[in-house]
Number of protein chains: 2
Amino acid sequence: MSNEKIPYKIYLSEEEMPKAWYNMRSDMKNKPAPLMHPGTHKALTAEELTPIFCEELVKQELDEDTAFIEIPEEIREFYKMYRPSPLVRAYCLEEKLKTPAKIYYKFEGNNTSGSHKLNSAIAQAYYAKKQGLKGVTTETGAGQWGTALSMACSYFDLDCKVYMVKVSYEQKPFRREVMRTYGASVVPSPSETTEVGKKILSEHPGTTGSLGCAISEAVEVATKNPGYRYVLGSVLNQVLLHQSVIGLETKAALDKYGIKPDMIIGCAGGGSNLGGLIAPFMGEKLRGEADYRIIAVEPASCPSFTRGTFAYDFCDTGMICPLAKMYTLGSSFIPSANHAGGLRFHGMSTTLSQLYHDGLMEATSVEQTSVFEAAEQFARVEGILPAPESSHAIRVAIDEALKCKETGEEKTIVFGLTGTGYFDLVAYEKFHDGEMTDVIPTDEDIAASVAKLPKVE
Amino acid sequence: MSNEKIPYKIYLSEEEMPKAWYNMRSDMKNKPAPLMHPGTHKALTAEELTPIFCEELVKQELDEDTAFIEIPEEIREFYKMYRPSPLVRAYCLEEKLKTPAKIYYKFEGNNTSGSHKLNSAIAQAYYAKKQGLKGVTTETGAGQWGTALSMACSYFDLDCKVYMVKVSYEQKPFRREVMRTYGASVVPSPSETTEVGKKILSEHPGTTGSLGCAISEAVEVATKNPGYRYVLGSVLNQVLLHQSVIGLETKAALDKYGIKPDMIIGCAGGGSNLGGLIAPFMGEKLRGEADYRIIAVEPASCPSFTRGTFAYDFCDTGMICPLAKMYTLGSSFIPSANHAGGLRFHGMSTTLSQLYHDGLMEATSVEQTSVFEAAEQFARVEGILPAPESSHAIRVAIDEALKCKETGEEKTIVFGLTGTGYFDLVAYEKFHDGEMTDVIPTDEDIAASVAKLPKVE
């Protein structure tokens, strides 16, 4: 097929869509370290996890061995409503850059949640429904994950309670309305609906909330109400498993035209998108069948891979969740308020952390003004208004394509375009008005939060 | 192919995409009445139109005979960035309604402008570029058209000046930012940048503007600045021509699976979407090759087809534009401020008006609370958050499907889903909070504005 002109958008047919998720851990020699109980410092068992998470999801979380896990028929049917997502050949961007590089992006923004988050939300809602639960709880910051979960719960007729960081609840009323359209109840956090919320409100009246606090409230509600469980949109192994659908589709589309990428680029916050996009490529790399450059891109204002420490740490700022071994800036690290572009998590998926530690992937960090420059350049030639998160990957893809222009190399670049920026226009406005600046944490900032890491032998 | 299971989404390949637009007028026995000079009451000539509009577009505007007009290669390349749009089988909606009807929708929202408007914007920008112009001017209300035109001008490196109704400029800052991202200059109207703007501001200080005023400003700037022309996103014949790509793709996708629709439903404001969607089907009907029910859906608060008069009227409230023979509520008619859902134009495409007058299509009007109920029901099962405009068509598609449920008829329904509602969440919020009401103009309201129609023999 390689002489054929590659179309602008490669779509798989429904028959070509993946029928199983791929579990990257199955091919890893060094498995990611297990989640640990914060009190006993022992690896958490399925029994300890099932009061919080759905049973089937706990199994997936702990399964290091099964390479392919079948995607249930009901989830595959839902996927067909918005998948396959297109793998787009960025002809217009290539021409604008005058690069000999061939650029492809996997676009996950063509669904109402506006991002890849729906891939895991629908799976988690399905398993909750199958277990006979009444509903699920979660937290959301900017609202991408909360929106995706609302859509998924609406489809399976599950109750959905979203604790939304109060400042976002007030500043992003549109995200809230989308969730309400899908029937979710959205509570600004901290709230009077939980013990932990009341406690925080009495200690810090007037607080605008934090993700850590919203997690605590969502977990409390899930564990105290029979028939409810807590669900999470990133970081966990189960999430990377579900998101492997991105990479599997990407690889199938490339294979269809005999294209072998030289490098795969993705933005990284908690790792859900990157872990999914690279999965089958990393699998080949782990099995010694092929080699690829794999590049994680993170914000310079929250540089967990590039400036963090590989250690056990809390997943939440409230320090009530399990410990995970990951690249972390410390659970008390908070990116500068001036940071606009998501990817604010202090840590990173344990699986990706292990792969990075083992030298199987690279990481780089970029500053937000250069990210928005890339976003605008991309929007003008490729049409799509990208999410700030996704634009981290665009920045590095453009930089790599410009290197090819210098060297004359015809490299094939694939990057993940995780979503759209329709709800991020306040940040675009700041950028247009010249009010956006770069703030990079000092070594002292990072040392201070890393010093608070839990002591684990 | 008819025994094969129809996929959720039918995509055409790039080779199957239309290579020519279809000009519905070529098959009409009764041609739409020509645009008329407001002073002389004579049909406008090409010479009179070219100072305002691009030359090639004037030709298309006046061409009643050519059936197929080739889509230039450059426009087809741009179309490939976001087209073909999917024709979606609404399996989930059918199941929810428990209807034997088969429902399909052509989804035009998967591009950053969020609607079908881009199909004509790119064509108009292309012809402006080809003519060697520096730029174009236009007006925009809610901002869909302005966004589409900004994207198109950015692609062809044309200057784009958008006059945005002041109240929308202030209430919809996100739309404005998308336009700025694409490099357009967006001016709140009325403004001090034009003579007509200054006049209006001195007569009505504190006015929040109107579409009619924004049109006047855009036309003034286009005619006073060498190298500029004015462009419009609906109503005109040229726009319906470009939008025929919607219907041509729809028909090609249906034909691929041997599907013959019983009815085609579209929302109607100025007629750009409806005229495009129905084009090839109406063509068959006009040539006596097939029959279809064709249904225009308009808001009860702005019912030009169902309660208007078929007569010559101004296209703008400022009464500076040509006269068009159309179904109109009178150019001084203004829908209730409580009307949330777009489709606010007082008149209707002259082509669609003639077809309706000749009994070749039906029209119906719906109230906005029932439109938002349909929108929410659709969003919950089909995933997509629809624009309020598009939801007018959803309402009637659901109603027709429910009739099939009563009668047991397996009718095939096709409707146009013109866009997404990401920028309409203030209206959704009103609906959720129970603050949305229905306001229908009285017979006296309509009679009062119809009484002001220009006297034409």
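Predicted model: local features only at pLDDT ≥ 70, side-chain atom pairs only at ≥ 80, totals over all residues.
**The relation of the two chains**

Chain B can be superposed on chain A by a rotation of 180 degrees, with 0.0 Å of shift along the axis and an RMSD of 0.0 Å. The two copies are thus related as by a two-fold rotation axis. Among the residues of chain B, B:Asn110 comes closest to this axis, its C-alpha lying at 3.1 Å. Of the interface residues of chain B, 100% are also interface residues in chain A, so the copies meet through the same surface.

**The interface between chain B and chain A**

In the contact between the chains, 43 residues of chain B meet 43 residues of chain A. The area buried between chain B and chain A is about 4000 Å², and carbon and sulfur atoms give 56% of that area. Polar interactions are also present: 29 residue pairs are in polar contact between chain B and chain A, counting pairs with both residues at pLDDT 80 or more. Five helices of chain B, namely α3 (73–82), α6 (144–156), α8 (173–181), α15 (368–382) and α17 (425–432), each supply at least two residues of the side that touches chain A. Of the elements on this side, α8(B) gives the most, with six residues. Sorted by class, the side of chain B that touches chain A has 21 nonpolar, eight polar and 14 charged residues.

Four salt bridges are found across the interface of chain B and chain A. One of them joins A:Arg176 to B:Glu429, with 2.9 Å between the closest N and O atoms.

**The two domains of chain A**

Together the two domains of chain A bury about 2600 Å² between them, with 62% of it on carbon and sulfur atoms.

The count of salt bridges between domain 1 and domain 2 of chain A is two. A salt bridge is also formed by A:Arg287 with A:Asp27, whose closest N and O atoms are 2.9 Å apart. Nine residue pairs, both members at pLDDT 80 or more, are in polar contact between the two domains of chain A.

**Local backbone features**

| Peptide bond | Omega |
|---|---|
| A:Arg83 to A:Pro84, cis | near -5 degrees |
| B:Ser189 to B:Pro190, cis | near 5 degrees |

A:Pro84 is in the loop between α3 (73–82) and β4 (87–89) of chain A. B:Pro190 is in the loop between β8 (185–189) and α9 (195–203) of chain B.

A further backbone feature concerns A:Asp157, which has a positive phi of about 55 degrees although it is not a glycine. This residue, A:Asp157, is placed in the loop between α6 (144–156) and β7 (159–165) of chain A.

Conventions
Residues numbered from 1 in each chain as written. Chains lettered and ligands numbered in written order. Heavy atoms only, no water. Contact = heavy atoms within 4.5 Å. Buried area = accessible area lost by both parts, 1.4 Å probe. Salt bridge = Lys/Arg side-chain N within 4 Å of Asp/Glu carboxyl O. Polar contact = N/O pair within 3.5 Å; in protein donor to acceptor, adjacent residues only side chain to side chain. Helix = DSSP H or I, 4+ residues; strand = E, 2+ residues; numbered from the N terminus. Nonpolar A, V, L, I, M, F, W, Y, C, P; charged D, E, K, R; others polar. Least-squares fit on C-alpha atoms with pLDDT ≥ 70 in both.
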